[in-house]
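Hello,

Here is the structure I said I would pass on to you. Have a look at it first, and my notes follow below.

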Amino acid sequence: MDHHPASDDPKTPLLPLHDQIQRSQSFHSSLKSLLTLKNFFVLLGPLLCTIICLCVKLDGRVASRNMLAVLVWVFAWWLTEAVPMPITSMSPLFLFPLFGISSSDDVAQSYMDDVIALVLGTFILAIAVEHYNIHRRLALNITMLFCGDPLSPPLLLLGICATTAFVSMWMHNVAAAMIMMPVATGILQRFPVGPDQSVAVSRFCRAVVLGVIYSAAIGGMSTLTGTGVNLILVGMWKSYFPEAKPISFSTWFFLGFPLALLIFLALWVILCCLYCPRNSSQALSAYLDKADLKRELEMLGPISFAEKVVLSVFSMLIVLWMTRSITDDIPGWGSLFNGRAGDGTVSVMMATLLFIIPNKKQEGEKLMDWNKCKKLPWNIILLLGAGFAIADGVRTSGLADILSKALDFMEAVPYIAIAPAVCLISSTITEFTSNNATTTLVVPLLIQIAKSMHVHPLLLMIPGAIGAQFSFLLPTGTPSNIVGFTTGHIEIQDMIKTGLPLKIAGTVVLSLLMPTLGAYVFGTNEPAVQ
């Protein structure tokens, strides 16, 4: 049978109507896919940048206006997450040279300094802790220790929260929350779920999950490595005031630890009042049995050589951090190297040991290999780099001086009100953006305000940075809150109910400690550093 092509058929129209309709439909759908909110946010950055370049006139060099434009572009992308955060964090690498703010080499140096080396080393150690299941052994031991006989829910809650806070002191908050959440939910798995769950049990589950996410944030405040915010603060202090004495691991600890301890106790009291009623111990004791816990510990077997080595390397690292520079009168081991060694030096050196020491499980296998390091959170490392690059750009472009002139009205604020005011502003902004982005935005401003008020910059910088860590109200405030949300045990109202009193308690503690202990540790009563 002979097949004619369709076009030979006299009945077919010269212009295929169906194709036309299809074309206009596909045009509409492609237009629709282009006009999405996400694409609008992508354009928002360059758009705002162009508006500032065309309309804003600043007294001073062109570079300072360009810096403001770039800053708005980067923050627009950060806040809307139009472009993935790590990619936005790399944008200063091309925006700064193109806008004449600084050369490509200068920007790139911000992305790899001692502070970032410190983070890299610490992350590698955290991966090793996770790989050898050290956190699981830790959890079982805590539950055994804090269970109490008969079971005391507030005591068990204290045990879980204190461990999370302790773990969070030595690694990033998100890493600590991610390591401790499975541990906490492992304890909660013993309780029934669904309709059989009693009110006491569901309340206790909420308390544990909230306890873990908030303890991770609070533990991070106590040490330099606990969170990116403290590292950004130290990096900015170093780049804005190169002549001033740098903040070392041990100096920060003397203020950070008492502060975190008081806020932690406030958290425990708030959780006990809201979620642990008197009669809860009978409801819970039916499910938590010491014999079960013992059996699980036995299943893990005796502590292996690899676990012992990882723990001892971590402990050595902490000791070296604490003793690098102790006080002015008692120099630490850092003075042997004429102050050339930083906290990052030790961090990377200790991480390197893990790639040299054998794990004694298989012939020739080391404790760590590069494949395991594929899990390194580059997003956090790039974000830190961007923070330092922006701080540098604001300073070198002359934008910092212009900002300080605009903030002269702050001189009238009474000395006592400084810490709570700064802390409140910072802790409000941080609910809507990441803690690190808040710090990057707020700290350079605070330095300028301090200059115009003629007070010590740290008097404002420290409350600003610590306030940025009080993201307690919304799940989006910080990634560790999202970790808690994914467990399904808590809702937004739980976070607000616990987070609000916790935020108030945190601000009060900071306002009391900053003019007293802070003045002693950082010498903030002395004249301002120029």
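Which helix gives the most to the lining of the largest cavity? Keep in mind that this is a predicted model. The helix in question is H7 (residues 114-131), with four residues in that lining.

Now for the cavities in turn. Searching the whole structure turned up two cavities of 30 Å³ or more. The largest cavity holds about 60 Å³ of space. Its lining is made up of Leu118, Val119, Thr122, Phe123, Met171, His172, Thr225 and Leu231. Sorted by class, five of these lining residues are nonpolar and three are polar, with no charged residues.

The second largest cavity has about 50 Å³ of space, and the residues that line it are Tyr415, Ile416, Ile418, Ala419, Leu459, Met514 and Pro515.

Phe27, Leu31, Leu34 and Leu35 make a nonpolar surface patch of about 440 Å². Phe27 has its place in helix H1 (residues 17-34). Is Phe27 buried or exposed? Phe27 counts as exposed because its relative accessibility is 51%, and exposed means over 50%.

Happy browsing, and do write back with any thoughts.

Best wishes

Methods: Residues numbered from 1 in each chain as written. Predicted model: local features only at pLDDT ≥ 70, side-chain atom pairs only at ≥ 80, totals over all residues. Heavy atoms only, no water. Patch = residues over 30% accessible without salt bridge, like charges linked within 9 Å, V, L, I, M, F, W, Y side chains within 5 Å. Areas by Shrake-Rupley, 256 points an atom, 1.4 Å probe, with all protein chains shown as cover. Salt bridge = Lys/Arg side-chain N within 4 Å of Asp/Glu carboxyl O. Helix = DSSP H or I, 4+ residues; strand = E, 2+ residues; numbered from the N terminus. Buried < 20%, exposed > 50% of the residue type's maximum accessible area, 1.4 Å probe, protein only. 1 Å grid on protein atoms, 1.4 Å probe; cavity = no way out; pocket = protein on both sides within 12 Å on 5 of 7 lines; lining within 4 Å. Points joined across faces, edges and corners; volume = space filled by probe spheres on them. Nonpolar A, V, L, I, M, F, W, Y, C, P; charged D, E, K, R; others polar.
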